[in-house]
Amino acid sequence: MDFIVKGTLEAVKALYNADLKESDINLQETRKEFEGEVTVVTFPLTKLSRKSPEQTGNEIGEYLVNNLNEVAGFNVIKGFLNISVTDSFLLNAFTNNISQEDFGKIPSAGRKVMVEYSSPNTNKPLHLGHIRNNLLGYSVSEILAANGYDVIKANLVNDRGIHICKSMLAWQKFGQGETPESSGLKGDKLVGNYYVIFDKEYKKQIDELKAQGQTEDEAKKNAPLIKEAQLMLQKWEAGDDEVISLWKTMNSWVYAGFEVTYNKLGVNFDKYYYESNTYLLGKDIIDEGLEKGVFFKKEDNSVWIDLTADGLDEKLVLRGDGTSVYITQDLGTAELKYKDFGVDESIYVVGNEQDYHFKVLFLILDKLGKSWAKGLYHLSYGMVDLPSGKMKSREGTVVDADDLIQEMIDTAKQRTEELGKVEGFSDEEKEKLYRMIGLGALKYFLLKVEPKKRLLFDPNESIDFQGHTGPFIQYTHARICSVLNKAGSKGAASPAIKSLTATERELILSLSKYIETLEIAAREHSPAQIANYVYELAKLYNKFYHEEPILKVEDLQVKDFRLALSSATASVIRKAMKLLGIEVPEKM
RNA sequence: GGACUUGUAGCUUAAUUGGAUAGAGCAUCUGACUACGGAUCAGAAGGUUAGGGGUUCGACUCCCUUCAAGUCCA
């Protein structure tokens, strides 16, 4: 609707002799209860016209009708100038653009972006919180790619540290040689079990020590198990053969397990980073910062940065004994990523508990004068909570990723069978369909909410398959496919069509908004924008479907046009859902 | 102690970034040519946008303050 903005600028120039920028024109969609498609808000223009909002609207409206072929008419309500565009304008847009196969394709911007997501610990299986992370990361990658970016999906695996030593130690002591093969357990589950066992045994020891008169803090430090775990970490850092070998073995179990979950979720990565390779990075950046006077040393030799001028605190970047803190290695890893790929932008998909951390990290890199620091972005998302509060793997109050996925598939199966809709499906096709619908429901459920909002998940309330859901949109797609199949044609936009029904107009307008939605989703790093858009589109199509006959309509040109409209809708649904990582079936 | 985020119908949520009577879905109630696929559609009911104050033509949106939930920093 660019031409409305340009026309309004001309009108303001001609009528009031004022020069405005495009951004000064406040354009919005016309509300359903009024006639028209686009609305110019004229309140701000009254300063130029020195007339009432109504008069200003009428004058501009007159100008537009007289000067723009595409404008059919207008009405003014208070400070709102509602403009109706002509049917032929909409039909042209549909024929020349929307109905084309490559509609929605944005040419390459020649920019490279890295999206780091998932980034799991190797001591426990993935849970619902990780699912949100993975879906967000994957979807944002798809959205950026659709916007013409060259995208690198990265996974920074936290494969070292005290937590994995705990699992290793517990396995050594209590595992009796259990392996994924011997137990039939998924590798990540097996390792996770030992992490829990460690915690139980550790707590026992703490209780014993407390019974002997030690305080809680003392007991936590003195328990033999924790000391052993710390010793193991030291051995790991020293490269002890036995420890390294066990570490490699157990991690390989975990990776095999993760791979299964990633496949089920349909996410993947172009590049894996491992903390065991990166945890020592960053120390040269500390030196660089000291030289540049960005950092300073305290008496105990620890290195700090003073961020009080930026409204933050003093922040430790290297300990007095020369060992790293989290931010040390993150500084190093950021630089490594840039060296590896020369990305223009780098996105970190990490929970909002690390908001402060990333604020500091990016600020430091900026102060160090890194040219690429302004391209860093923390895609912060809210935690997934249960009604009982936070999920804690050590206490077993987690919604396991594999279990949840399976439940969703089972529910999809049950629903579909109840509805008796899989006649003529082979067993393989059925399995594929159940998986598609179950995951569609799950993914849509998680992605339709703005990332930064916290998500409450009640395991006792099943995820819906009706209404504002993934299956609703999948159903709409299948329904369109069914119509097209029956017709045996994808239709064609006929130039002979003279007029459109109200719903046809709405549908074309909705389709035309796909590209700007794509751009907004990329700018805001928000799959929710796509999710809500495609729902609106599907809803509108169903309305159209009920109101207007397609196959039964006598006029063949109208029939052909409606088929083309259906086909274009299916196509946009398919493209939009793909951005969410959701597949759509042709029958369901 | 300091900082950040969130708070919208019973529940899950949207609002073009300051615009019209705050828009949907679930649940509840009422309807839909014996259907081009009823996982759908049409309608009813449901709101002091956590509370209070301010800014202006106009506030869910910006500012101040109180409350609630969550998180981070040493």
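Modeller: At 42% relative accessibility, Glu429 counts as partly exposed, where buried means under 20% relative accessible area, exposed over 50%, and partly exposed in between (1.4 Å probe, protein chains only). Before we go on: this is a predicted model, so local features need pLDDT of at least 70 and side-chain atom pairs count only at pLDDT 80 or more, while totals for chains, interfaces and linings use all residues. Residues are numbered from 1 along each chain as its sequence is written, chains are lettered from A and ligands numbered from 1 in the order in which they are written, and side-chain values use heavy atoms, with hydrogens and water left out.

Biologist: Where is Glu429 found?

Modeller: In helix α17, residues 427–447. Helices here are DSSP runs (H or I, at least four residues), as are strands (E, at least two), numbered from the N terminus.

Biologist: And which residues form the negative surface patch?

Modeller: Asp427, Glu428, Glu429 and Glu431. Patch residues have over 30% relative accessible area and no salt bridge, with like charges joined within 9 Å and nonpolar side chains (Val, Leu, Ile, Met, Phe, Trp, Tyr) within 5 Å. Asp and Glu count as negative, Lys and Arg as positive, and His and the chain ends are not counted.

Biologist: Switching to salt bridges, how many does the count come to?

Modeller: 31 salt bridges, each being a side-chain nitrogen of Lys or Arg within 4 Å of a carboxyl oxygen of Asp or Glu. One of them joins Glu29 and Lys513, at 2.8 Å from N to O. Glu29 lies in strand β1 (residues 27–29) and Lys513 in the loop between α19 (502–512) and α20 (514–523), so that pair ties together parts 484 residues apart in sequence.

Biologist: Are those two buried or exposed?

Modeller: Glu29 is exposed, with a relative accessible area of 52%, and Lys513 is partly exposed at 24%.

Biologist: What about Lys337, what does that one form a salt bridge with?

Modeller: With Glu116, the closest N and O atoms being 2.6 Å apart. Lys337 sits in helix α14 (residues 326–341) and Glu116 in strand β5 (residues 111–116), so this pair links parts 221 residues apart in sequence. Lys337 counts as buried at 2% relative accessibility, and Glu116 is buried at 5%.

Biologist: Which residues are linked in a network of salt bridges?

Modeller: Lys186, Asp188, Lys189, Lys264, Asp400 and Asp402.

Biologist: Now packing. What does Leu225 touch?

Modeller: Beyond residues up to four places away in sequence, Leu225 touches Leu169, Lys173, Phe198, Glu201, Tyr202 and Gln205. Leu225 belongs to helix α10 (residues 224–238) and is buried, with a relative accessible area of 4%.

Biologist: Last one: where is Leu565 found?

Modeller: In helix α22, residues 556–579. Leu565 counts as buried at 0% relative accessibility. Leaving aside neighbours within four places in sequence, the contacts of Leu565 are Phe94, Glu504, Leu507, Ile508, Leu511 and Phe544.

Definitions and conventions
Accessible areas come from the Shrake-Rupley method with a 1.4 Å probe; for residues, only the protein chains shown count as cover. The place of a charge is taken as NZ of Lys, CZ of Arg, CG of Asp or CD of Glu. Contact means heavy atoms within 4.5 Å.
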